[in-house]
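Here is a short briefing to read alongside the model.

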Amino acid sequence: MDLSMNAGSGGGGRIATDVGGTFTDMFHIKNGRAISIKRRSTPGQFEKGIADALAAGGVDLAGIDFFAHGSTVVINALTERKGAKTGLITTRGFKDVLEIARGNTPDIFNAYYRKPPPFVPRHLRREVGERMDHRGEVVVPLNEDELFSAARRLAQDGATAIAVCFLHAYANPAHERQAHEIIAAAMPDLEVIASHQVCLQWREYERTNTTVLSAYVLPAARAYLNGLQSDLSSAGLKSDMLVMQSNGGMVAPKAAAANPISLVESGPAAGVLGAAAYGRKIGERNLITLDIGGTTAKCSLIREGVALIAKEYQIEKTPASAGYPISTPVVDIVEIGNGGGSIAWLDPAGSLRVGPQSAGAEPGPVAYGRGGLQPTTTDAHLLLGRIDPRKLAGGDGPPDLPAVSKAFSALAGPLGLNALDVALGTVRIANASMVNALKLVSVNRGHDPRDFTLIAFGGGAGLHAASLARELEIGKVVIPPHSAVFSAWAMLALDPRQDRIMTSMRRLDADCMPWIVDTFASMERDARREFSDNAAMAGEIDCLRLLDIRYRGQEHSVEVPFDPAQDDFEQLLDRFHSVHEREFSFRLDNPAEIVNFHLAVISRTPDAAPEPEGNANGGDAPIAAIGSRAVHFDGHGELQASVFDRSALSADGEIHGPAVIEEPDSVILAPPGTSASVDAWGGLHLRLRAA
């Protein structure tokens with residue numbers, strides 16, 4: 001894709017792009033002014049969506065000194081099964097680790113349950129002679145002849161990517177390094193990745209599956225990142241772009257391509273960490289985040305200003321399937337298939353359902369007039385009067401309202417209802433699914449939603465946020481500035497970060513303290529080396545050191561902070577007891593042992609994201625409605641609602657529902673009983689009166 005056409009007049013500065021399944025968002029700081037753009041994504045050729053956004057913003061790439069990028073290319077390749085034909089080479093006797101998997105059957109009453117099929121079928125799994133023990137000592141040397149033969153046979157069988165995962169490689173990756181060098185030298189056309197490059201943790205199934213999925217997406221991710229960087233450079237970008245990782249940090253394209261599975265939740269992670277940063281600005285440290293895009297809704301929980309980082313991520317996990325584990329640090333997010341493009345449909349029993357199928361960017365909702373025949377949540381909001389037909393984002397022209405009504409009427413007939421009833425039912429079902437997701441990150445984990453503020457962003461969040469908050473008895477909703485492209489905004493406020501997790505087990509006692517310090521120091525040296533290779537990532541380095549510790553005999557561990565400058569053995573042990581008691585309500589006198597080292601290295605760069613402004617009106621300027629229209633509010637029927645332009649709201653004023661607050665790419669509903677005001681940074685605060 002030729003991006004040179006996007007050269008515009010003037011500018012420079014910092015830019016972020018976030019490619020989603022339905023929309024591509026761009027946020028650009030130009031001459032101290034913020035510009036946000038939302039354009040349809042272009043599946044199969046995501047670069048075109050980026051080019052469209054850059055062109056719409058008049059961006060001169062020659063003047064850009066910071067370019068951050070988040071993408072769904074990895075998760076799309078996994079969920080759509082569009083990755084490479086992958087082979088696995090492993091230690092003799094362990095080719096069926098993927099097949100055996102775990103016994104965590106979610107559907108316990110289903111006698112016919114079948115584990116999800118491995119990404120690598122058995123005929124593409126090869127064993128070779130080699131063996132390390134759990135201490136990393138060589139038991140059987142690597143048989144290079146068997147290795148070469150196994151790789152050649154996989155290539156002959158059509159494999160274009162190979163995953164290498166040897167037993168206990170987390171303790172000593174020497175054999176994996178040797179195997180990688182041999183295969184790469186003998187078969188340069190094959191993509192090869194070894195487990196130590198993506199996961200240095202124990203648990204053979206999880207580590208093997210993570211390596212296999214990395215290999216599966218490696219060719220697509222490498223081609224995409226290299227191609228995009230090349231296009232951007234050809235168009236004038238002088239610095240490397242930085243790629244958003246699932247842990248909330250950013251790395252150079254080379255590092256991202258070397259560990260592609262770290263991009264599995266690339267864009268959504270930025271939104272959660274951006275919400276935490278914005279919450280700290282406005283004094284809201286306990287937040288539940290809600291990110292509603294065109295394809296999915298994503299939820300997370302922020303406690304005391306800190307977002308949770310999970311060390312394992314599951315794809316395709318449902319009440320009927322265990323899914324696939326990925327051992328990589330990920331901002332803890334619950335994601336469901338309910339977004340603006342989610343399709344309303346009737347199941348075989350004649351019940352109305354919404355999602356997880358999505359109309360996506362092509363053809364999109366029925367209203368877009370590009371061939372979509374099945375009504376979506378966006379179509380429902382349009383029919384209910386919540387979206388101004390003249391301002392529908394994503395379409396090429398005026399919405400096809402007769403087609404929308406016809407699509408809902410087709411569902412209404414079998415249900416004995418009218419089109420408006422089905423549209424309202426569509427929104428109610430979508431809300432019910434989102435409430436369940438919000439409960440998964442709050443109630444199900446022991447948190448009372450009433451103690452939190454809901455912060456909502458993404459193009460569709462404002463249409464649902466107040467209803468969801470009322471259902472959960474949450475008193476306040478915050479819609480941050482630039483909410484429709486908030487994840488892109490957040491990328492400019494976040495610091496480059498790397499997470500390194502390594503299994504190294506040893507009993508926790510006074511004698512192991514020097515070993516702990518030396519291990520962290522070695523991990524830090526490796527991380528600093530990667531930061532120094534990219535000028536855009538230069539900054540003051542901060543290190544967060546965490547240890548996974550457990551009582552001997554336990555299966556799982558808890559995460560305990562460690563400070564080498566201050567902590568001695570007694571302090572570390574006491575902190576472990578305290579964390580364990582907080583998590584599980586008890587402590588033991590049993591010996592403790594270290595399981596994993598977790599080092600987060602963060603390059604603290606100046607906060608270059610714009611300081612959002614409340615409003616130019618300010619002072620005592622009155623807040624005037626720009627019009628009114630009939631809007632259907634759930635539980636209240638059709639009401640005449642005042643319509644406000646968000647950019648004209650004063651920081652000192654207040655409006656009361658029923659109202660509709662419009663932005664260029666999103667709509668915010670303020671139902672009856674709701675008041676709305678703007679904070680000093682431009683965030684919109686909805687306060688819900690207790691029922």
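The sulfur of Cys543 lies 20 Å from the closest cysteine sulfur, in Cys512, which is too far for a bond. A disulfide here is a pair of cysteine sulfur atoms within 2.5 Å, and by this rule the count comes to zero disulfides. Please bear in mind that this is a predicted model, in which local features need pLDDT of at least 70 and side-chain atom pairs count only at pLDDT 80 or more, while totals for chains, interfaces and linings use all residues. Residues are numbered from 1 along each chain as its sequence is written, and side-chain values use heavy atoms, with hydrogens and water left out.

**Cysteines**

- Cys512 is in no disulfide, and its nearest cysteine sulfur is that of Cys543.
- Cys512 counts as buried, at 0% relative accessibility; buried means under 20% relative accessible area, exposed over 50%, and partly exposed in between, with a 1.4 Å probe and protein chains only.
- Cys543 is partly exposed, with a relative accessible area of 22%.

**Nonpolar cores**

- A nonpolar core is a set of buried Ala, Val, Leu, Ile, Met, Phe, Trp, Tyr and Cys residues joined through side-chain atoms within 4.5 Å.
- In soluble globular proteins, nonpolar side chains tend to be buried together.
- The largest nonpolar core has 77 residues, and those touching the most other members are Leu54, Leu61, Phe67, Leu78, Ile89, Val264 and Ile315.
- Helix α7 (residues 204-234) gives the most to this core, with twelve residues; helices (H or I, at least four residues) and strands (E, at least two) are DSSP runs, numbered from the N terminus.
- This core lies between domain 1 (9-78 + 222-259) and domain 2 (81-218), because both give residues to it; the domain bounds come from an automatic or database domain assignment.
- Another core, of 68 residues, lies apart from it and includes Leu384, Ala407, Phe644 and Ala676.

**Aromatic rings**

- Rings of Phe, Tyr and Trp (its six-membered ring) pair if their centres lie within 6.5 Å; planes under 30 degrees apart count as stacked, over 60 as edge-to-face and the rest as tilted.
- Eight aromatic pairs turn up in a search of the whole structure.
- One of these pairs, Phe486 with Trp489, is stacked, at 5.1 Å centre to centre and 20° between the planes.
- Phe486 and Trp489 are separated by about one helical turn, because they are three residues apart in helix α14 (residues 486-491).
- Phe486 counts as buried at 1% relative accessibility, and Trp489 counts as buried at 2%.
- Phe520 and Phe597 make an edge-to-face pair, with 5.1 Å centre to centre and 70° between the planes.
- That pair links distant parts of the chain, 77 residues apart: Phe520 is in helix α15 (residues 513-532) and Phe597 in strand β28 (residues 592-604).
- Phe520 is buried, with a relative accessible area of 1%, and Phe597 counts as buried at 0% relative accessibility.
- Trp515, Phe520, Phe562 and Phe597 are linked by ring pairs into a cluster.

**A charge over a ring**

- Arg14 lies over the face of Phe66, at 4.0 Å from the ring centre; a charge sits over a ring if NZ of Lys or CZ of Arg is within 6 Å of the ring centre and within 35 degrees of the ring normal.

**Salt bridges**

- A search of the whole structure finds 37 salt bridges, each a side-chain nitrogen of Lys or Arg within 4 Å of a carboxyl oxygen of Asp or Glu.
- Arg92 bridges to Glu146, with the closest N and O atoms 2.7 Å apart.
- Arg92 lies in the loop between β5 (86-91) and α3 (97-100) and Glu146 in helix α4 (residues 144-156), so this pair ties together parts that are 54 residues apart in sequence.
- Arg92 is partly exposed, with a relative accessible area of 43%, and Glu146 is partly exposed with 27%.
- Arg207 forms a salt bridge with Glu204, where the closest N and O atoms are 2.5 Å apart.
- Both Arg207 and Glu204 lie in helix α7, three residues apart, about one turn of the helix, and both are buried.
- Glu593 pairs with Arg550 in a salt bridge whose closest N and O atoms are 2.8 Å apart.
- Glu593 counts as buried at 9% relative accessibility, and Arg550 is buried with a relative accessible area of 7%.
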